[in-house]
Structure formats: structure tokens, C-alpha cells
Amino acid sequence: MKRSYKIAVIPGDGTGPEVVREGLKVLGAVAGVEGFKTELVDYDLGGDYYLKTGETLPDATLDELRQMDAIYLGAIGHPEVKPGILEKGILLRIRFELDLYINLRPVKLYPGVETPIRDKGPEEIDCVIVRENTEGLYAGAGGYLKRGTPDEVAIQESINTRKGVERCIRYAFEFCRKRAKEKKLTLCGKTNVLTYAFDLWERTFQELSKEYPDIKTDYAHVDAICMWMVKNPEWFDVIVTDNMFGDIITDLGAMIQGGMGIAAGGNINPQGTSMFEPIGGSAPKYTGKNVINPLAAICASQMMLNHLGEQEAADRIEQAVIKVLQENLKGLSAGEMGHTTSEVGDLVADYCVKASGG
Ligand code: IPM
Ligand code: MN
């Protein structure tokens, strides 16, 4: 543990700055109580910066990001910028260039939070999705032929390397081993149709499973996973999958844990700088209204501290979030919390400090 951390802050677009402000408020509060330091470096990236400069992410900035202990991101996406430019230019570029090959997304229903799934509660909804984050359909392989003509062909290929698949699956096994739960790892694929890509995934999964005899393994097709995450979420402990399927099932996961207001994720390079973010978007229609739920961003800061080795600070945030959910919030959606964005941040920060009798 270093106890002094240089953190890049990218508030980004829309409601990003509002939720990041609350996340940093909470971070500051736990740093004070737990006695570690943070050096925050702000980066003005996003839609406004792009419209002003024509740049998404300057190379020099990218090089600075590599030197950080962690990156804390709000949201990327601007109504006046064509979809794809900022996502690819900032978010995906950071994921690829920093080789953040794991996208870790916990799906945990906290007590008192409403889930759309009848008869299921915190006991049943508690799994973690390990999404491969640098390959698959996201690799950008493909192209057009005769674009804009009646004979147009568009090809988008899924790239799966043995190295990329293996390191992702190994991370999932190791993560599953450390997690104090059922110790079951489910591979989510589509071996009945995508017979090349998921053959590689399945063979790698089976080979690695021999090194982890303490972990139960299971396989399910992605369509069946969608069905069971709704019908029997308690069947899952850790799920490992490729980039595209991971993108889809983590949105499903976010909904069953109470929505985008609470869902956070980490883009992780276990050997390098990692990036943490609320998984919802920039929510332009709520921008500047002080109504957006900052808990997802606060949970992202909790994941960041966990990753940096500040376990006690991370636990403190989680307990404070649980308390706010149980005692203060009326709902999790924007405008329905019964409190403003900044009030929710104040409450969490307060509980973080009070828990130590301070
Ligand atoms: C996510 C987002 C991104 C993705 C978009 C914004 C490029 O949906 O983090 O899940 O598809 O990975
Ligand atoms: Mn997504």
C-alpha cells in the first residue's frame, strides 16, 4: 500500500461532472479518516473539449494517464457529437492503449433497493461479471466494400487471441477464488453458433479449470444467461465472457441491481493503471439539475480504493452507501431520490466519517 495516490479525474460530459464531484467528496472524507493522501489531476476531456479543439484524447494526455495510480471517469457522450467519436476516441482508446483488459462489473443488490425481479432480494442477486475489455467485436477489425451502393458489404469481425482469452479467464478464476462466495465460475458464450471464437474460449476455460480444482465451473450460452439472470440470478457467482456479450449482460445486471444509478465498474490492468467509472451514460437531459444519482460514481470510487489496496476505506464507503440506501433514499432514479445529487454525496461522506465515531 502506497498511501498516497495520484489520480487522474476525467469528469467528462453531461452529468459526469456532477457525479464525479460527489465521488471525490466521499473520497476526500475517507482519505481523512483512514489517513491516506490523494493527488487529483483534472482532465478536461469530452464533448465540449472535442467541439472546441477537434481533439478527443491528445497523445500527451494519454502518456500522462499511464503514469497515474488510477483514473476516475464520470461519463462520455455529448448530444452534439456524432455517436462513436467520443466513445472510440476517449473511452475505448484508454481501454485499449492502457491495456485495461478486464472490465469488472459487480451486480449486487443492496438491502432496501428495489429490483424489478419479483421475489428476489440481496441473497439472490450478488454476482460479478468479468468482461474481456480489449478484443472481440470491439477490436475494430473489418471494413466496407462499395459503401453507399446497393452492393454494399459491411464486415465487423470478432478478434479473439489465445493470450487475450487466457488472461481474462485466468483473472476470473483468481477473482472467483478470492471472493468469499460459492466459488463457481460460469463461462458465458455461444458455442452452438460462434464455433470458432467460443471454441477457443471453451478450450481455454477447460484447460485453466484444471489449475483451479477448488472452483466449480459451468457453461451457459449468452441467450440462456439473459433468461436465467432474470429468472434465477442466484445461480451465478462469477461470470466470465467476451467484450460484446459482457457489454450486454452487464446492462441487464445493472437493471436487476437497481439501475444505472447504482451500477459501477472497473477497467482493470492488474499490472498497470486502471480506470473506474459509473457504468451509466452522460444523461444529457438531467445535466446541471442536481437530480442525478451519484451512488454509481461513489461505488466506482469504492472499487478504485479496493483496487489500490485501501480495503478499509473501500468498506467504509460500501457501508455508508448501504446506510444511505436504507435510511435516506426514496428511489434510485434521477429526480426520485428525495434528495439532490449533492445531498446524497453529503450523506454518504457523513456516514463514512461517523462510522469511526468522528
Ligand atoms: C460500456 C459502454 C461502452 C461500451 C460504450 C459507451 C462504448 O456501453 O462501458 O458498457 O460499449 O463498452
Ligand atoms: Mn455498455
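**Helices, loops and labels**

Tutor: Helix 9 and helix 10 are roughly antiparallel to each other. Before we go on: this is a predicted model, where local features need pLDDT of at least 70, side-chain atom pairs count only at pLDDT 80 or more, and totals for chains, interfaces and linings use all residues. Residues are numbered from 1 along each chain as its sequence is written, chains are lettered from A and ligands numbered from 1 in the order in which they are written, and side-chain values use heavy atoms, with hydrogens and water left out.

Student: Why are helix 9 and helix 10 called roughly antiparallel?

Tutor: Helix 9 (residues 295-308) and helix 10 (residues 311-327) pack at about 160°, with axes 7 Å apart. Angles over 145 degrees count as roughly antiparallel, under 35 as roughly parallel, 65 to 115 as roughly perpendicular and the rest as oblique, so this pair is roughly antiparallel. Their crossing is left-handed (the near helix is turned anticlockwise from the far one by less than a right angle; clockwise would be right-handed).

Student: What makes the contact between helix 9 and helix 10, by class?

Tutor: Contact means heavy atoms within 4.5 Å. Residues of helix 9 including Leu 295, Ile 298 and Leu 305 meet residues of helix 10, among them Ile 317, Val 321 and Leu 325. By class, that contact has nine nonpolar, four polar and one charged residues. Here Ala, Val, Leu, Ile, Met, Phe, Trp, Tyr, Cys and Pro count as nonpolar, Asp, Glu, Lys and Arg as charged, and the others, Gly among them, as polar.

Student: And what makes helix 3 oblique to helix 4?

Tutor: Helix 3 (residues 59-66) and helix 4 (residues 85-97) pack at about 50°, their axes 11 Å apart. That angle makes helix 3 oblique to helix 4. The crossing of helix 3 and helix 4 is right-handed. Asp 59, Leu 62, Leu 65 and Arg 66 of helix 3 touch Arg 93, Ile 94 and Glu 97 of helix 4. By class, this contact has three nonpolar, no polar and four charged residues.

Student: How do you know that Thr 15 is buried?

Tutor: Buried means under 20% relative accessible area, exposed over 50%, partly exposed in between (1.4 Å probe, protein chains only). Thr 15 has 3%, so Thr 15 is buried. Thr 15 sits in the loop between strand 1 (4-12) and helix 1. Leaving aside neighbours within four places in sequence, Thr 15 is in contact with Gly 281, Ser 282, Ala 283, Tyr 286, Thr 287 and Ile 292.

Student: Why is Gly 136 called buried?

Tutor: The relative accessible area of Gly 136 is 1%, so Gly 136 counts as buried. Gly 136 belongs to strand 6 (residues 136-145). Not counting residues up to four places away in sequence, Gly 136 touches Glu 157, Ser 158 and Ile 159. Gly 136 and Glu 157 are 21 residues apart in sequence but 7.6 Å apart in space, C-alpha to C-alpha.

Student: Why is Lys 146 called exposed, and why is Asp 99 called partly exposed?

Tutor: Lys 146 has 54% relative accessibility, so Lys 146 counts as exposed. Asp 99 has a relative accessible area of 27%, so Asp 99 is partly exposed. Lys 146 lies in the loop between strand 6 and strand 7 (153-159), and Asp 99 in the loop between helix 4 and strand 4 (102-108). Neither is a glycine, yet Lys 146 has a positive phi of about 55° and Asp 99 one of about 50°.

Note on methods: Axes fitted to C-alpha atoms, helices over the stretch in contact; angles between N-to-C directions. Helix = DSSP H or I, 4+ residues; strand = E, 2+ residues; numbered from the N terminus.
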